[in-house]
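Here's a quick walk through a few spots in this protein. Have the model open and follow along.

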Amino acid sequence: MKILVVEDDEFTASMLKTILSRQNYAVEVAVDGQSGRELVEAFDYDLVLMDYVLPKLDGINLCRQLRSLGYRMPIVLLTSRDSGHDKAMGLDAGADDYIVKPFDPEELVARIRALLRRGGAAVMPVLVWGELKLDPSTCTASYGDRPLQLTPKEYSLLEVFLRNHHRVFSCSALLDHIWSYKKPPSEEAVRTQIKGLRHKLKAVGADRELIETVYGIGYRLKPIAGADNQAGFESQEHPNEHATDSNPDRSTRQQIQAGLSSIWARFKHRVSEQVETIEKAAAGLEQRARNFEDVLASAIAESHTLAGSLATFGFHEGSRLSRQIEQILTKKKIFTSRETAELQNLVAALRLEIGRDLPPEHRLDSVNPSLDGSTLSDRDLPLLLVIDRDLQSVQELSLESNSWGIRVDIATNLAIALDKIERQTPSVVLLDLSVSDSIADSLSLLSSLSQRTPPIPVLVFSDRGNISERLEVAKLGGRTFLRKPAQPAQVLDAVSQILRRMESLTARVVAVDDDPKVLAVLRTLLEPWGLKLVTLSDPTQLLELLDAYVPDLLILDIEMPNLNGIELCQIVRNDSRWSSLPILFLTAHTDPQIVNTVFAVGADDFVCKPIVGPELVTRIINRLDRIKLIKRMAEIDPLTKVANRHTSTQTLEEYLHLAQRNQQPVCFAILDLDCFKQVNDLYGHAAGDLVLCHVGQLLNRSLRSEDSVARWGGEEFAIGMYGMTKQDGVQRLTTILNSLRSEKFTAPSGDRFQVTFSAGVAQYPEDGLDLQSLYLAADLALYQAKKAGRDRISPTNTEPKKESEERELYVGQKG
């Protein structure tokens, strides 16, 4: 079920979102009353939880407006105002409940459950459909005498079906009910969840088709033969005796405490800053500097916020002190020295109170360790899901990951992995093929992750590694194959390379529109396709945003305040940095003259409102694909399909920069085909082109996806391998050379011939600190390989040599 929280204080909003999300609710946040109203008009919510005091539109008027517009969902006012008059105003405005801050989290959750039950046929909380039972008060479900172990999304799906037993839900309707509009997955995710739920129902003895498919429409609960098709309800006096926790309230309390502990860890510094604002006001009461009124207003606002939030974290004395400070600052205009000293004493006591440790019952280490204990700041880091039964090596990897800025989660079998992936999509998956008794099951998971939209990159980490297995991994979309055992740093280096490549390949879109509903819809449509969307409502800030974000495509509305879209397009086109940036107009205007004007000022495409999702997505994806094609043509050698010299130079410079920062080696090699002029002379240039193309493909296929492979001109290739020594490079290139030796090429004339190559290999920093010096060192080693008879790999020799004259002669005799 979906809840909208309207709260302008980030601290309180995060706390509420965490508490409710851990009860399997989909939670969205609006930071002011006007945004809250617009979201209610754009999306369906089961309940709205709002503050009394809000920017732009206060809670009382927002409540009145929603009721006047005909919205009947439960509305809860949550505020520090505790007078009888304020409560009466809130309830008269249409609120269903009025909760005073600081609130008890368990009581808040219970009140929300009670309000959500009122729309049902009875007020008892346990939902029943035949032998299927679901208890929202404990978030548990069972079939007959067997408990159902459900993921949060499976639980939410089942609850939606039980509460709306006559309704058929389409995939899009289920997305609206269960997922946040900010991060909605594709409809395929709904089908996957339905499939998982059916499987679990079947495992406990239920009909697999209890969740019935209505073809062409969606899903519903299968009607019970001989029954009146009414969802039954079980009295709370006889709760579900098959709940998995003997004390369900404890489970709820532990989840809430874990969430509060994470929130406090994130906002403790912010609370300290709020108290500092109050301290400044208390210290300036007697002097009253020029800006004192602003300082005083900020102090009153901060003390009001703290009064309503500190007790929720167990700091009851802190809430009492904050409320007392707020009342004094609000009511008193002139302070005597004695009153000032008393106020300063209260503020000092507040500072001392928040400096205490979090009360034991709210500490993360006092709750169930199986709950998610990561702080919210950790959630900003990329997530690596390791699917492996070797816990010792995984724990070593997890410890090492902290210094790489990567979070690690662990799954010891495929079932746990699927559950974790549905709960939170990882950035990268590290999969040991032997984690399952059946390699086919592991490969099936690899295939499914690669086919998602967007795909989840998978690195295969295994002590196996025969050629057929590696080929199968590559065909199914595996990004890298790592052999066990491997050092944690080597594994994390490969993961980092994938993350950097993903960042560079992700298309970035900026949308400018003063309508928040349109921006919300754009986010819903584009983010499931892997597009990173940044929205902007103030067109005057666009140039600053373009400089900071460097997008791949720009979406503009025509009618906007201060600066319209046509004027904005002209400004962008007149800036040499953005003259080629693709611009798409999204507007309700269809007048031919306006359309002509739009294209005349430089627009690339034009889409009419209301938005038709598939059309807009198709146009944007096609436009981005064409951009990628043009970019690829500028970066890729058309014959060999490897990077050109310009592109690889940029990549290699980046490798050297990273190597210097992380103290890692870089292997750089120059590869030159032996006697290539003779191939062209004897068999024709078509045969020569065939050889070049084949060598490019062989290098791409044989080296890591993160390695840099480029054609630097003629028959010369340059290769960069980050994190590799020149000994590693010699070994890899020797394997490739042996493979090339075994192949025979057929000329257009039918003649068969073979080719080989020679290569020189250098290493950063031993052989050079910049690309030019590494090239000279590798080129000298290449000369030594040619001089020694060709068809070989030669590493640099760090001993001084007097070969500069010979090398200069060689430069004109390569072949």
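## Around T796

Neighbours within four places in sequence aside, T796 is in contact (heavy atoms within 4.5 Å) with K726, V761, A762, D767, A777, A778 and A781. The side chain of T796 also makes a polar contact with the side chain of K726, at 2.8 Å; that term covers a pair of N or O atoms within 3.5 Å, where one must be able to donate a hydrogen and the other to accept it, and residues adjacent in sequence count only if both atoms are side-chain atoms. T796 sits in the loop between β29 (793-795) and α28 (804-811), and T796 is buried at 12% relative accessible area (buried means under 20%, with a 1.4 Å probe and protein chains only).

A word on the model: it's predicted, with local features needing pLDDT of at least 70 and side-chain atom pairs counting only at pLDDT 80 or more, while totals for chains, interfaces and linings use all residues. Residues are numbered from 1 along each chain as its sequence is written, and side-chain values use heavy atoms, leaving out hydrogens and water.

## Helices

Helices here are DSSP runs (H or I, at least four residues), as are strands (E, at least two), numbered from the N terminus.

| Helix | Residues |
|---|---|
| α15 | 439-450 |
| α24 | 676-683 |
| α25 | 685-702 |

In α15, the buried residues are I439, S442, L443, L445, L446, S447 and L449. Their cover includes β13, α14, β15, β16 and α16.

Further along, F676, V679, N680 and Y683 in α24 meet H685, A687, G688, V691 and L692 in α25.

Terms used. Axes are lines fitted to C-alpha atoms, for helices over the stretch in contact, and angles run from 0 to 180 degrees between N-to-C directions. The expected span of a helix is 1.5 Å times one less than its number of residues. Buried means under 20% relative accessible area, exposed over 50%, partly exposed in between (1.4 Å probe, protein chains only).
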